[in-house]
Amino acid sequence: MSSDAARDLDAWIPRLIQVWRERRAARSGGNRSGGRNRPFVDDGPADRLTPPEVKEVGAGIKRLSHGLTRQRELAGAKYMDDPQLLGAYLLFYWPVSYAQSRSLFSELPARPRSLLDLGSGPGPLAFAGIDAGARETIAADRSKPALELARQLAIAASESLGTREWSPERPLPEGTFDVISMGHVVNELYDGDVGRRAALLEQVLTRVKPGGSLVVMEPALRDTSRALLAVRDVLVAKGYAVRAPCLFRGSCPALVKPSDWCHAERPWRMPTLTEALARAAGLHKESLKMSYLVLAPKGEAWAEPPQGRVFRIVSEALEGKGRQRYMGCGPEGRVGLALQDKHRTEGNARFFHLQRGEVVRLGGATEEKGDGVGLTDATTVELVARAGQALPKP
Ligand SMILES: C[S@@+](CC[C@H](N)C(=O)[O-])C[C@H]1O[C@@H](n2cnc3c(N)ncnc32)[C@H](O)[C@@H]1O
């Protein structure tokens, strides 16, 4: 996450807390929500929660986290209409989604001017888009309370945000957009039906302007990630181009073995609020993990990959005895890449410090093995793009 994005996120924390306290006070009969210039509610520090507040929100986060990750009984349910769960979402998941999407928006070929955020909840992606330069932004969701929160946040930040009630069976908000984002929502739709999800994304893509992108972000769980890859395959088979993260144009090789999946991981400066709430709920958010797909509108070609033999690193470092290994995925497919310590040279030393999501170019000689590519002391390793950075034009 860039330092600009981290600074922008820091500025959101007091607004999230302010809006949460106002809603809570209003629910308990207090009269604390006022007009556009209302003051901060005076019952705690502006940039952090009091210990009883942490306990209260932590309980909501536990409910939400269990319901969205274990049995997933909340996926598809109207949990945003439950004040405790909406509050937990706002204070814990909102900053995570904001940071995740900032790091995806920085990978787009162009800054979005107009953005439609579908399944917006209280708008973390919509506001990430605004902070990334979008001037006309609409947040759309079926949950009225979530949209109301998004409007309150817009007022607190003096930003302009349109909101619309939307669900897949209703028409899309009017207009065309540079970017349409769908954050952590596709996995909640149609009970896992890949065909219907792909059809929805196709419909949404008709509203993306030429050169624009549909950004779909999903939880980095094995099942939700694989489901996204299956939707990707349907769309790729129909001729749609993937702008990121894929360099491979065929069916996703991560779907071949049922135990594989593909997700991104990005470092971030975790806000103190997130740290306190993660501790209270027994969760870990030291890094940002998500699965994502950036799709081009119909008829647009895949971008030419950077020249040479390039791979995106799609695993963490898989250290073995005396060697470093990663999974790479490039125009030739998904392969293991390995380099023995004894073959380390100045030209390939970068290989020992690669991060998931980075794109590298291999030069010089390699050894082709049954289970992947062996790098040697004659191989060079060059960083082509950092994770979260657009690929350079060839
Ligand atoms: C996990 S939240 C994601 C919120 C936000 N986009 C983010 O990434 O943090 C999923 C959102 O999808 C919305 N959602 C779920 N099913 C929906 C449906 N059928 N129609 C419209 N919105 C839906 C929920 O109301 C909720 O706001």
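## Ligand site, pocket and cavity

An oxygen atom of the ligand is 2.6 Å from an N or O atom in the side chain of Asp 141, a polar contact in the sense of a pair of N or O atoms within 3.5 Å. This is a predicted model, in which local features need pLDDT of at least 70, side-chain atom pairs count only at pLDDT 80 or more, and totals for chains, interfaces and linings use all residues. Residues are numbered from 1 along each chain as its sequence is written, and side-chain values use heavy atoms, with hydrogens and water left out. Here is a tour of the ligand site, the spaces in the protein and a few backbone details.

**Around the ligand**

- Tyr 89 places a polar side-chain atom 2.5 Å from an oxygen atom of the ligand.
- Gly 183 takes part through its backbone, with an N or O atom 2.9 Å from a nitrogen atom of the ligand.
- The protein buries 96% of the 590 Å² that the ligand exposes when taken alone (accessible areas come from the Shrake-Rupley method with a 1.4 Å probe).
- The ligand is surrounded by 19 residues, and the closest are Tyr 89, Ser 97, Gly 119, Asp 141 and Gly 183; a residue counts as near if one of its heavy atoms lies within 4 Å.
- In this shell there are nine nonpolar, seven polar and three charged residues (Ala, Val, Leu, Ile, Met, Phe, Trp, Tyr, Cys and Pro count as nonpolar, Asp, Glu, Lys and Arg as charged, and the others, Gly among them, as polar).
- Two helices, α3 (83-105) and α4 (124-131), each supply at least two residues of the shell; helices (H or I, at least four residues) and strands (E, at least two) are DSSP runs, numbered from the N terminus.

**The largest pocket**

- The ligand takes up space in the largest pocket, where sitting in a pocket requires more than half of a molecule's atoms to lie within 2 Å of its grid points.
- On a 1 Å grid over the protein atoms alone, a pocket is an open set with protein on both sides within 12 Å along at least five of seven lines, while a cavity is a set of points where a 1.4 Å probe fits but cannot get out; lining residues have an atom within 4 Å of a point.
- The volume of this pocket is about 1200 Å³, counted as the space filled by probe spheres set on the points, with grid points joined across faces, edges and corners.
- Its lining has 48 residues, with Leu 68, Tyr 89, His 184, Asn 187 and Pro 219 nearest the centre.
- By class, that lining holds 20 nonpolar, 17 polar and 11 charged residues.
- α3 gives the most to the lining, with five residues.

**The cavity**

- How many cavities of 30 Å³ or more does a search of the whole structure find? The search finds one.
- The largest cavity has a volume of about 290 Å³.
- Among the 24 residues that line the cavity, Pro 245, Cys 246, Cys 262, Arg 312 and Val 314 lie nearest its centre.
- The cavity lining has 16 nonpolar, three polar and five charged residues.

**Backbone details**

- Tyr 190 is not a glycine, yet has a positive phi of about 60°.
- Asp 191 also has a positive phi, near 50°, and lies in the loop between β4 and α6.

Note on methods
Polar contact = N/O pair within 3.5 Å; in protein donor to acceptor, adjacent residues only side chain to side chain.
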